[in-house]
Amino acid sequence: MVTAAQPLVYPLSVRHLGPNWYATVMGTAVVATAGAALAPQVPGLRGVLTGVWALSLVLLLALLTGRAVHWARHRDQARAHLLDPATAPFYGCLAMALLAVGGGALTVGRDWIGLRAAVTLDAALFTAGTLTGLAAAVAVPYLMAVRHRVEPGRATPVWLLPVVAPMVSAAVGPRLVPHLPPGQPRKTLLLVCFALFGLSLLATLLMLPLVFARTLTGGPLPLALTPTLFLVLGPLGQSTTAVGAFADVAPGVVPEPYSAGFGVLAVLYGVPVMGFALLWACLAAAHVLRARRHGMRFSMTWWSFTFPVGTCVTGAEALGRHTGLVAYAGPAVLLYAVLVAAWGTAVVGTLRGLLRGELLAVPAPAPAAPRPVTVRTTSGAVR
């Protein structure tokens with residue numbers, strides 16, 4: 001039980017500050033970048049979005065500091081996070097947080113810090129995020145195979161997080177291409193991003209069937225994990241955004257017919273993938289509505305409603321740009337409204353949980369026999 005005095009102590013503790021908290025950075029940054037892509041000419045909006053990006057930068061710095069203290073003072077808990085199959089996949093969020101803030105620097109942050117500083121910051125965060133994402137994409141599946149001993153019947157969309165991180169690199173990296181010297185540097189970065197796209201896409205295609213099969217054969221996810229169904233939208237929307245970005249910068253960087261080929265890929269890949277994203281969004285929303293009827297309460301998994309939806313906004317915007325169809329504008333605006341509402345709800349819930357001392361408190365012990373509608377872990381990633 002939380003007493004009246006405890007909330008003054010728990011929010012200051014980082015012992016149970018897990019890597020899942022980087023989702024707050026991702027969700028905040030995508031509000032800025034998706035809004036800038038969607039409505040660049042709306043008066044006053046640019047300044048608001050720049051402020052939201054600045055908030056994501058502050059959150060990133062605060063969490064990097066908190067996690068550094070966590071590793072320095074609570075190594076036992078940090079090791080427990082790595083050995084917990086429910087928490088280890090969230091290490092992909094660190095890479096995506098770095099990349100989301102870096103990409104936002106060039107999109108809207110340059111209005112505040114200047115173009116030169118924005119390019120430098122984006123280059124640094126892109127490099128760090130890409131290396132971290134590649135490390136997570138290898139290390140987490142390795143731990144799942146040799147230490148976690150997971151079963152297919154326990155697959156959740158959280159398993160996608162480590163392998164999706166390189167896709168974020170593929171989507172934000174092309175923004176740096178025009179700022180490199182012409183010739184080999186630009187071509188190399190573009191093709192590196194394309195390789196990261198393929199790496200993440202193939203890994204996702206291997207992992208997604210496990211998640212889909214779990215939802216069909218294993219019954220509904222536990223209530224606290226139900227929002228994570230929206231994580232599947234991440235690789236779908238982000239990959240569509242990535243192929244659109246390739247097509248934007250390819251002319252003059254790679255020769256024909258490859259330059260035109262990127263334009264063809266943006267449409268032939270993006271249209272069916274966004275179609276599947278719409279299907280999955282409806283399925284995930286139905287599960288969430290069911291979970292709410294059964295008493296689902298706020299937890300940090302609610303941040304799953306933010307970044308993945310934001311990638312679908314940028315994906316729809318890219319398709320509208322490359323197909324010339326205004327039909328994509330309506331869904332993009334609707335999705336952005338959902339994103340902003342979800343972000344506001346997650347922010348309020350997180351602040352309330354921190355003030356009450358719930359989100360960073362010692363996790364309650366797991367029940368002896370798991371129930372079909374609840375889930376708890378010893379690491380504190382999901383409560």
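Predicted model: local features only at pLDDT ≥ 70, side-chain atom pairs only at ≥ 80, totals over all residues.
## Confidence in the model

The mean pLDDT of this protein is 88, and 90% of its residues reach 70 or more.

Helix α10 covers residues 307–323. How far apart should its ends be? At 1.5 Å a residue, its 17 residues should span 24 Å. The end C-alpha atoms are 24 Å apart, so expectation and model agree. Just after α10 comes G324, with a positive phi of about 75 degrees.

Is α10 enclosed or open? Twelve of its 17 residues are buried, so the rest of the structure largely encloses this helix.

## Q238 in helix α8

Helix α8 runs over residues 233–249 and contains Q238. Is Q238 buried or exposed? Its relative accessible area is 6%, and buried means under 20%, so Q238 counts as buried.

What does Q238 touch? Leaving out residues up to four places away in sequence, its contacts are M167, V168, A171, L233, F307 and T311.

## Salt bridges

Side chains of opposite charge can pair when their charged atoms come close. How many salt bridges does this model have? The count is three.

One joins the side chains of R46 and D111, at 2.4 Å from N to O. This pair links distant parts of the chain. R46 sits in helix α2 (residues 45–73), D111 sits in helix α4, and they are 65 residues apart. R46 is partly exposed, at 27% relative accessibility. D111 is partly exposed too, at 43%.

Another pairs R321 with D248, whose closest N and O atoms are 2.6 Å apart. R321 belongs to helix α10 and D248 to helix α8, so this bridge ties together parts 73 residues apart in sequence. R321 is partly exposed at 39% relative accessibility. D248 is also partly exposed, at 39%.

R321 has a further partner, E317, with closest N and O atoms 2.6 Å apart. Where do these two lie? Both are in helix α10, four residues apart, or about one turn of the helix. An α-helix has 3.6 residues a turn, so residues three or four places apart point the same way. Through shared partners, the salt bridges join D248, E317 and R321 into one network.

Which residues make the nonpolar surface patch? F212, L216 and L283 form it, and its area is about 280 Å². L283 lies in helix α9 (residues 258–293). The relative accessible area of L283 is 33%, so this residue counts as partly exposed.

Technical notes
Residues numbered from 1 in each chain as written. Heavy atoms only, no water. pLDDT = per-residue confidence, 0-100. Patch = residues over 30% accessible without salt bridge, like charges linked within 9 Å, V, L, I, M, F, W, Y side chains within 5 Å. Areas by Shrake-Rupley, 256 points an atom, 1.4 Å probe, with all protein chains shown as cover. Salt bridge = Lys/Arg side-chain N within 4 Å of Asp/Glu carboxyl O. Helix = DSSP H or I, 4+ residues; strand = E, 2+ residues; numbered from the N terminus. Buried < 20%, exposed > 50% of the residue type's maximum accessible area, 1.4 Å probe, protein only. Contact = heavy atoms within 4.5 Å. Expected span 1.5 Å × (residues − 1).
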